[in-house]
Amino acid sequence: SGVTPKEVAAGLGRKLLEAAIAAKVNNKLIDLTAPITEDAEIEILTFESKEAKAVFWHSANHLLAHAVKLLYPETKLGVGPAIENGFYYDFDREFSFTPEDLKKIEEKMHELIKQNLPIKRVEVSKEQALAESADEPYRIELIKELPKGEKISMYAQGEFTDLCRGPHVDATGKIRAFKLTKISGAYWKGDAKNKQLQRIYGIAFPEKKELDAY
């Protein structure tokens, strides 16, 4: 009891451990570092799996948001899901992002990858989540909309924390190859009555050769 999918993967072989992104335990998607406390059927997911791709791309999204907040701390965070082919994150910033900004953001993301920061899940109360999000108006709006009593999870990497259901890869170093591909506009919650945010798109892979092929 308490063994993690990461430890299970390690016991099955080094190659599987290196390729592991997330796990399914009794058909529920979880982090590699989440403890297993009951008898379970376990599946270790690699990038070949559609579900693992979504976890990987969502983790790359947090990496993007982390880099943006380090470079442009006044920026407010919108939402950042994985999509069918990659990911995007919406930002509220007074100045428009430029192609030169994307290069700076990519450089900062590479720095965070080299640091191989552990990515940790923390469960918090609604009050704690609101306190953690004091400077993020869009996040506060989302937290207030959550049903009463629902477990709220946040994911931390270094000094950056974001509201998220997860799961995620276990460290930033897992995201070895990525590219930010374009910038567009998007209304908050897809409603033209709301403020228009800036959307940065990207794609990521475990290995550079896969990115080059893409």
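Two residues are in contact when heavy atoms of theirs lie within 4.5 Å. With this meaning in hand, the report describes selected features of a predicted model.

Lys24 belongs to strand S1, which covers residues 22-25. Is Lys24 buried or exposed? Its relative accessible area is 14%, and a residue counts as buried under 20%, so Lys24 is buried. Setting aside neighbours within four places in sequence, the contacts of Lys24 are Leu29, Glu41, Ile42, Glu43, Leu45 and Glu51. With one of these residues, Glu51, the side chain of Lys24 forms a polar contact of 3.1 Å.

**The sheet of three strands**

Strand S1 is part of an open sheet of three strands, arranged in the order S2-S1-S3 with antiparallel pairing. Strand S2 (28-30) and strand S3 are the edge strands, and each of them pairs on one side only. On average, and with direction ignored, neighbouring strands of this sheet are turned by 25° against each other. Between S1 and S3 the antiparallel pairing extends over four bridges. Within this pairing, Val25 has Ile42 of S3 as its bridge partner. In a regular strand, side chains alternate between the two faces of the sheet. Helix H1, residues 5-12, lies across S1, S2 and S3 and runs at about 80° to S3.

How many of the 10 residues of S11 are buried? Nine of them are, and the strand is mostly covered.

Helix H6 spans residues 137-145, and its buried residues include Tyr138, Arg139, Ile140 and Ile143.

**Aromatic rings**

Two rings form an aromatic pair when their centres lie within 6.5 Å. By this rule the model has nine aromatic pairs. Why is the pair of Phe47 and Trp57 called edge-to-face? The ring centres of Phe47 and Trp57 are 6.1 Å apart and the planes stand at 80°; planes over 60 degrees apart count as edge-to-face, so the pair belongs to that class. This pair links distant parts of the chain, 10 residues apart: Phe47 is in the loop between strand S3 (42-45) and helix H3 (50-71), while Trp57 is in helix H3 itself. Both Phe47 and Trp57 are buried. These two residues also belong to a cluster, in which ring pairs link them with Phe56, Phe205 and Tyr214.

Arg93 is placed over the face of Tyr72, at 4.2 Å from the ring centre. Arg199 is likewise placed over the face of Tyr88, at 3.7 Å from the ring centre.

Methods. Residues are numbered from 1 along each chain as its sequence is written. This is a predicted model: local features need pLDDT of at least 70, side-chain atom pairs count only at pLDDT 80 or more; totals for chains, interfaces and linings use all residues. Side-chain values use heavy atoms; hydrogens and water are left out. Rings of Phe, Tyr and Trp (its six-membered ring) pair if their centres lie within 6.5 Å; planes under 30 degrees apart count as stacked, over 60 as edge-to-face and the rest as tilted. Helices (H or I, at least four residues) and strands (E, at least two) are DSSP runs, numbered from the N terminus. Buried means under 20% relative accessible area, exposed over 50%, partly exposed in between (1.4 Å probe, protein chains only). A charge sits over a ring if NZ of Lys or CZ of Arg is within 6 Å of the ring centre and within 35 degrees of the ring normal. A polar contact is a pair of N or O atoms within 3.5 Å; within protein, one must be able to donate a hydrogen and the other to accept it, and residues adjacent in sequence count only if both atoms are side-chain atoms. Two strands pair if DSSP finds at least two bridges between them. Axes are lines fitted to C-alpha atoms, for helices over the stretch in contact, and angles run from 0 to 180 degrees between N-to-C directions.
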